[in-house]
Structure formats: C-alpha cells, structure tokens
Amino acid sequence: MAVTIEDLYRSYGVLADAKDDLSQHKDAYQVILDGVKGGPKEKRLAAQFIPKFFSSFPELADSAINAQLDLCEDEDVSIRRQAIKELPRFATGENILRVADILTQLLQTDDTAEFNQVTGSLIAIFKMDAKGTLGGLFSQILQGEDIVRERAIKFLSTKLKTLTEEVMTKEVEDYVFAETKKVLEDVTGEEFVLLMRVVSNLRVLQTVNGRQQLVELVVEQAFLEQVLNTADPDLVDRLLQCTRQALPLFSKNVHSTRFITYFCEHVLPNLSALTSPVPELDIQLEVLKLLAEMSPYCGDMDKLEPNLSMLFTKLVEFMPLPPDEAENGENSAMEEPKLQFSYVECLLFGFHQLGKKLPDFLIEKVDADSLKDFKIRLQYFARGLQVYIRQLRVALQGKTGDALKTDENKMKVVALKITNNINVLIKDLFHNPPSFKSSVTLSWKPVQKSEAAAPKRPSGEELGPGGSTKKQISPLPRRDARQIYNPPSEQRGGFRGRGRGFRGNRSRGRPY
C-alpha cells in the first residue's frame with residue numbers, strides 16, 4: 001500500500017517526539033523512506049524528512065542514501081533540486097566520499113538552477129571534509145563519463161581558489177597536487193589548461209620551489225626529450241600549449257632554459273617546416289613570440305652560447321642583404337627584399353636578452369667575416385626601418401581617441417611599436433663593443449608603468465590605446481587579444497603517453 005502524506009506526517013511526528021529514543025522507531029523511519037515511491041507531494045516531503053533523521057538510524061544508512069539518490073534522479077526537477085539541497089546532511093563519516101561521488105555525477109545536469117544547487121552542495125561538503133570531497137571528485141575525473149569528468153575539472157578550476165585556507169589546508173593542497181598529477185597522465189588540451197590553473201593557484205606552490213615543481217610538471221608533458229615532428233600539428237600544438245602554461249611560472253629564480261634550448265635545437269632550425277594546428281595561425285610568429293617572452297629567464301650559462309648561435313643564425317636569415325650586396329642570388333637586384341618586422345622583433349629581443357649574459361658573443365664567438373656581414377644586414381634593415389617609422393608617424397599624426405581605435409590605425413600603432421623596438425635594439429648592437437643595456441617592451445605586451453612614465457621621444461606607446469592588449473598576470477597565461485589561436489581540445493591522449501594523441505587509443509575522440 002502506497003505511503004500517503006498523512007503517513008509521512010504521522011511518522012515524522014513519532015520521530016520528532018521520540019527525542020532520545022529515536023532508534024526504537026525504525027518502522028516510522030522506514031515509512032519515510034518508502035515515501036520516495038509515492039507521488040510528487042510525498043516525494044518532496046520525503047526529501048526533507050529522510051536527511052533530518054538519517055544520523056539516528058545507522059543500520060538504514062545505505063537505504064536512506066539510496067532513497068535520497070532516487071529523488072535526485074526524479075523526473076520532476078523541483079524534486080531533484082530539493083533532494084540535492086539536502087544531500088550534504090548525509091555527508092558524515094565514511095559517507096562523505098559517496099556523497100561527493102554522487103554530487104559529482106549530478107554535475108552533468110543541463111538545468112541551470114539544478115546545476116547551481118549541485119555546486120552549492122559540493123561547496124557545503126567541502127567545508128565539512130575537503131579531502132573526502134576531493135576523493136569523490138577525482139574518482140569521477142579518473143573513472144567517470146566524459147561529461148562528468150569535464151564538469152568536475154571545471155568545478156575544481158573555478159571553485160578551489162575561492163575556498164579559505166581553513167578549508168584548503170597544506171595537507172589538502174598536497175592531495176590536490178598529487179591527484180592532479182595522476183589525471184595529467186591522460187588529458188585533452190583543454191583539460192591540461194584547466195588543471196594547470198588548479199595547481200597554479202595552490203598556495204603551497206607559490207614558493208620558488210613550488211613554481212619549479214610546476215615547471216617540471218609542464219616539462220614532463222611537453223615531450224622535451226623527443227625530437228619534434230614538425231609535420232604533426234598535434235605535437236606542435238602540444239609544445240605551444242605547454243610553453244604557454246610554463247611562461248608565467250618563469251622568473252629570475254625559475255629558469256626557462258630547457259624550453260629555450262629545445263626551441264633553439266629542434267624548432268628554430270625547422271621553423272618554416274612547422275605544421276600549424278590551426279590554418280589561420282602564423283605558426284612561425286607564434287613560436288618566435290613565445291621564444292621572445294621566455295628569453296629574459298634563461299639561466300644556464302652552459303647552454304647560452306649554442307642558443308645564441310642559433311638565434312644569431314636565424315636572425316641573419318630574416319635580415320636580408322641590400323640588393324647590391326647580395327651574392328649567389330640571395331636577393332634579386334631588381335626587387336627590394338621583404339622586411340619581416342614582426343619576426344625580427346622577436347628574434348632580436350631574444351638575442352638581446354641572452355646577449356646580456358654573454359656580452360662578448362659577437363666579438364669572441366663570431367668570425368670577422370660573419371660579423372661584417374651581420375652589420376651590413378643591420379644597416380640595411382635600419383635604413384628600411386627609418387623610412388617605415390617616418391611613414392607611420394605621419395599617418396598617425398594628430399589622431400587621438402576614436403580615430404586610433406579603427407582597425408587600420410590599431411595596426412599602425414602596433415607597427416610603430418614593433419619598429420621602435422627594433423630600432424632601439426639595433427642601436428645597441430652598433431655600439432663598439434655591442435651593448436645590451438637598452439630595455440624595450442615587446443609590442444604585444446602592455447607597457448610597464450615605469451616605462452610609461454619615463455620621458456622619451458614620441459613613439460607608438462604615446463599614441464593612445466589600441467596598440468597593446470592587456471595580458472593577465474596570473475598563474476595561468478592568458479593570450480593577448482591579437483592571438484587568434486584556439487587549440488583543438490575535444491580529444492584526449494595522455495601527454496605522458498607515447499602515442500600521437502592525448503588519450504592514445506581510448507576512442508574518446510580524435511587523437512590530440
């Protein structure tokens with residue numbers, strides 16, 4: 001016989017009046033459990049009554065949790081929300097892991113209000129037992145369905161950083177780091193980015209040693225021990241993503257040498273052969289920009305000379321001889337060579353940064369003929385540079401406010417920044433001996449306050465907004481607005497695996 005509203009209220013009254021003798025009224029609690037088999041009204045009451053007396057009947061714990069879970073899966077969304085709201089009341093003792101596991105699975109809902117209720121309940125049990133809650137979340141990330149895994153990772157990436165130190169203790173953060181490393185053995189590109197955000201925000205990893213651990217974590221995923229297959233866009237994409245994750249971790253104490261050395265040994269020599277993971281991406285410029293951003297943090301003196309040599313070689317390649325000086329047909333006497341300003345800015349900046357640590361490189365490590373050839377190229381490039389700078393200044397003269405916000409003028413402002421940077425760096429190299437003292441801000445990065453305040457000749461930095469885009473300075477890199485790259489991320493294939501894809505042969509989608 002079906003349980004009625006009256007039966008539920010009667011059983012509730014018995015239990016409420018029993019006070020210390022609740023365990024003697026097991027039958028009354030069973031009536032409440034049976035309420036989940038009734039109609040909508042009975043179910044709503046059961047969703048509230050079951051958790052209220054749950055702790056008094058440990059022998060019925062499994063039945064009670066299962067009954068509440070039935071309500072969490074009801075067809076009526078209002079019943080589901082009520083049942084989910086009450087789930088944290090079951091999260092006691094050994095049940096915390098099970099409740100966390102259930103709530104994690106419930107993240108797959110597409111109902112916004114229900115999803116918010118699930119996240120609210122997860123946050124509630126986090127405050128009761130953070131480590132136990134994480135156990136349920138990571139269990140589903142490692143073994144659950146793709147949609148649950150995806151939502152659980154996103155939950156961690158957005159919610160953990162909002163929890164207090166009282167909740168996220170050192171022990172809890174150590175657990176997060178250890179479990180995240182397990183997950184990183186088999187991830188998609190998007191998951192990798194989100195999980196790096198999780199660990200980068202951990203307070204326990206904000207020390208120099210902690211940042212170094214994070215760099216090692218990225219190095220492990222980047223395949224830096226392998227020769228890069230430039231024809232494989234997935235491997236090229238992996239290297240780009242890993243480098244982006246490592247960038248904000250570098251500092252004067254956490255060095256970028258392993259990445260720079262890999263770029264110089266395996267990427268720059270094959271720059272033109274790189275296969276872009278996205279058709280519209282200028283893969284060569286993207287690589288050179290990453291290399292430039294890493295260059296201030298190169299620290300290993302043993303690797304400086306070969307890295308500088310490769311940068312010098314590539315710089316010469318992009319700085320043509322004047323037409324009347326060209327030999328062996330390098331440039332046609334009938335046409336002006338094309339000047340690749342954006343590429344040269346990156347290479348020249350990287351060479352200049354590494355050159356600060358080995359200032360005698362051009363004098364002692366480059367033979368006289370090569371140095372003479374280099375200076376001829378610098379002079380020719382500088383002449384073309386001056387012409388272009390004058391044209392840009394004329395085009396931008398008198399323009400302010402909205403006039404500088406047009407796409408065309410934004411491009412001109414950026415171009416002026418690029419050419420001004422190159423001009424400053426070339427002047428340093430023309431010193432005798434070459435100097436490496438000047439400081440510039442890369443054209444795609446925001447101007448630092450100290451630089452903006454310093455008096456200087458008119459340049460792109462002074463022409464107003466539009467020429468630069470803000471980059472978030474945080475544990476996770478955010479690409480600038482000029483960046484058009486959106487990496488493919490719908491497939492897994494362990495970064496650590498030796499197959500082509502993130503998730504190897506586990507048919508979760510195309511290999512990454």
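1. Tyr29, Ile32 and Leu33 of helix H2 touch Ala46, Phe49 and Ile50 of helix H3, where contact means heavy atoms within 4.5 Å. By class, the residues of this contact are six nonpolar, no polar and no charged. Ala, Val, Leu, Ile, Met, Phe, Trp, Tyr, Cys and Pro count as nonpolar, Asp, Glu, Lys and Arg as charged, and the others, Gly among them, as polar.

2. This is a predicted model, in which local features need pLDDT of at least 70 and side-chain atom pairs count only at pLDDT 80 or more, while totals for chains, interfaces and linings use all residues. Residues are numbered from 1 along each chain as its sequence is written, and side-chain values use heavy atoms, with hydrogens and water left out.

3. Two packed helices are described by the angle between their axes and the distance between the axes. For H2 (residues 26-34) and H3 (residues 40-52), the axes come within 8 Å and cross at roughly 140°. H2 is therefore oblique to H3. Angles under 35 degrees count as roughly parallel, over 145 as roughly antiparallel, 65 to 115 as roughly perpendicular and the rest as oblique. Axes are lines fitted to C-alpha atoms, for helices over the stretch in contact, and angles run from 0 to 180 degrees between N-to-C directions. Helices are DSSP runs (H or I, at least four residues), numbered from the N terminus.

4. Helix H15 covers residues 283-294 and has twelve residues. From its first C-alpha to its last, H15 reaches 17 Å, close to the 16 Å expected at 1.5 Å a residue. Twelve of the twelve residues in H15 are buried, meaning under 20% relative accessible area with a 1.4 Å probe, protein chains only. Among them are Gln284, Lys289 and Glu293. The buried residues of H15 pack against helices H13 (233-246), H14 (257-267), H16 (301-318) and H17 (341-355).

5. How far apart are the axes of H13 and H15, and at what angle do they pack? The axes are 11 Å apart and the angle is about 30°, so H13 is roughly parallel to H15. H13 contributes Val236, Leu240, Thr243 and Arg244 to the contact, and H15 contributes Ile283, Glu286, Val287, Leu290 and Met294. This contact has six nonpolar, one polar and two charged residues.

6. His266 lies in helix H14. Its relative accessible area is 18%, so His266 is buried. Leaving out residues up to four places away in sequence, His266 touches Val227 and Leu228.

Technical notes
Helices (H or I, at least four residues) and strands (E, at least two) are DSSP runs, numbered from the N terminus. The expected span of a helix is 1.5 Å times one less than its number of residues. Buried means under 20% relative accessible area, exposed over 50%, partly exposed in between (1.4 Å probe, protein chains only).
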